[in-house]
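Dear colleague,

I am passing on the structure below, together with notes on what turned up when I went through it. Please read the notes with the coordinates open beside you.

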Amino acid sequence: MNSRLETIAVVAALVVVMVVLSRWTRHLTSRARLRSRTAARRLDALADSTVYIVAGATVLCLAAALLPQSRLPGGLDRAWLVGTTIGLATGIPFAVDRRSLRRRLRDLPVPDDPVAVVALAGAAHAPAIAALAAGDHAAAAELLRPALDMDPPDPEAMRIRALSAAASGEVRVARAYALRVVQVDRRRWDALVDTGLALCRRQRWGEGLRLLHRAVEVSDSDSRAELALAQGQAMAGRLRDAVAALDRSRRKPTRAPASGMRR
């Protein structure tokens, strides 16, 4: 009885450790993917090998479970081996499914950082953009203040302010300005896309994906908004949702670009 309780405790501890590690590795792999396509391909190849590792471990555990108890190493219990074999076997379809999803997303481009893009573009509000490029977000916000205090506020100034807030970790401020842009001018849903992707690149996936979903709604499912949503979902590790958004982007029309929206 005690041995069974100990086995249950060990399995429960392993599950907890795997959950914690999965969240930790999710952050690491996301950062690595954003660095280069080479890193992304290597990570995909490593993840693809999981199928063979799980299948091999399943076969080994099954072979050991079929042995008589007398031939098993001390401390190993056949019931535990059978349970482990069943657990591993149920993971094989999941691993195969994830590999299939990754392959369908293999050609999905990694989006540029909208904060870096707007810093390089530098047309309207050039002084604020220069401050943003230098990483001085307080100065950028101050330089944008006159345009933000207009009635109505300047949409481009609000988009830049949203990106500056996203870069400095002010998630609520970024969200507020991005949503305010489409309240002033519904055609400027590019602010939602840019701010959403900027947040996703900084691993603030929840808020970033909400803005990308809103961009799809406001744009009436424009293909570029759907593609951006697919990119955000892929960065967040939500592969099935990313594939669905990518498929929708290929079926949807590309309308006249919103002001400031890159083709």
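Gly91 lies in helix 4, which covers residues 78–104 (helices, H or I, of at least four residues and strands, E, of at least two are DSSP runs, numbered from the N terminus). With a relative accessibility of 24%, Gly91 counts as partly exposed, where buried stands for under 20% relative accessible area, exposed for over 50% and partly exposed for what lies in between, with a 1.4 Å probe and protein chains only. The C-alpha atom of Gly91 is 8.8 Å from that of Val51, a residue 40 positions away along the chain.

Before going further, please note that this is a predicted model, in which local features need pLDDT of at least 70 and side-chain atom pairs count only at pLDDT 80 or more, while totals for chains, interfaces and linings use all residues. Residues are numbered from 1 along each chain as its sequence is written, and side-chain values use heavy atoms, with hydrogens and water left out.

As for the protein as a whole, it has 13 helices and 0 strands. Of its 263 residues, 39% are buried, and its accessible surface comes to about 14700 Å², with 59% of that belonging to carbon and sulfur atoms (areas by the Shrake-Rupley method with a 1.4 Å probe; for residues, only the protein chains shown count as cover). Among the contacts in the protein with a separation of 6 or more, 62% are between residues 24 or more positions apart, contact meaning heavy atoms within 4.5 Å.

I then turned to the helix pairs. Two packed helices are described by the angle between their axes and the distance between the axes. The axes used here are lines fitted to C-alpha atoms, for helices over the stretch in contact, and the angles run from 0 to 180 degrees between N-to-C directions.

Helix 7 and helix 8 have axes that come within 10 Å and cross at roughly 160°, which means that helix 7 is roughly antiparallel to helix 8 (angles under 35 degrees count as roughly parallel, over 145 as roughly antiparallel, 65 to 115 as roughly perpendicular and the rest as oblique). The crossing of helix 7 and helix 8 is left-handed, that is, the near helix is turned anticlockwise from the far one by less than a right angle, whereas clockwise would be right-handed. Helix 7 contributes His137, Ala140, Ala141, Leu144, Ala147 and Leu148 to the contact, and helix 8 contributes Ala157, Met158, Ile160, Arg161, Ser164 and Ala167. By class, these residues are 9 nonpolar, 2 polar and 1 charged, with Ala, Val, Leu, Ile, Met, Phe, Trp, Tyr, Cys and Pro counted as nonpolar, Asp, Glu, Lys and Arg as charged, and the others, Gly among them, as polar. In the loop between helix 7 (137–148) and helix 8 (155–167) sits Pro152, which is joined to Asp151 by a cis peptide bond with omega of about 0°.

Helix 11 (residues 205–218) packs against helix 12 (residues 223–235) at an angle of about 165°, with the axes 9 Å apart, so helix 11 is roughly antiparallel to helix 12. Helix 11 passes helix 12 in a left-handed crossing, and the residues in contact include Trp205 and Leu209 of helix 11 and Ala225 and Leu229 of helix 12. The contact of helix 11 with helix 12 divides into 9 nonpolar, 3 polar and 1 charged residues. In the loop between these two helices lies Ser221, which has a positive phi of about 60° although it is not a glycine, and Ser221 is buried at 17% relative accessible area.

Helix 12 also meets helix 10 (residues 190–201), their axes coming within 9 Å and crossing at roughly 10°; the two are therefore roughly parallel. Val193, Leu197, Cys200 and Arg201 of helix 10 make this contact with Ala225, Ala228, Gln231, Gly232 and Met235 of helix 12.

Ala198 also belongs to helix 10 and is buried, with a relative accessible area of 0%. Leaving aside neighbours within four places in sequence, Ala198 is in contact with Asp113, Pro114, Val115, Leu163 and Ala166. In the loop between helix 10 and helix 11 one finds Gln203, a residue other than glycine whose phi is positive, near 65°; Gln203 is buried, with a relative accessible area of 12%.
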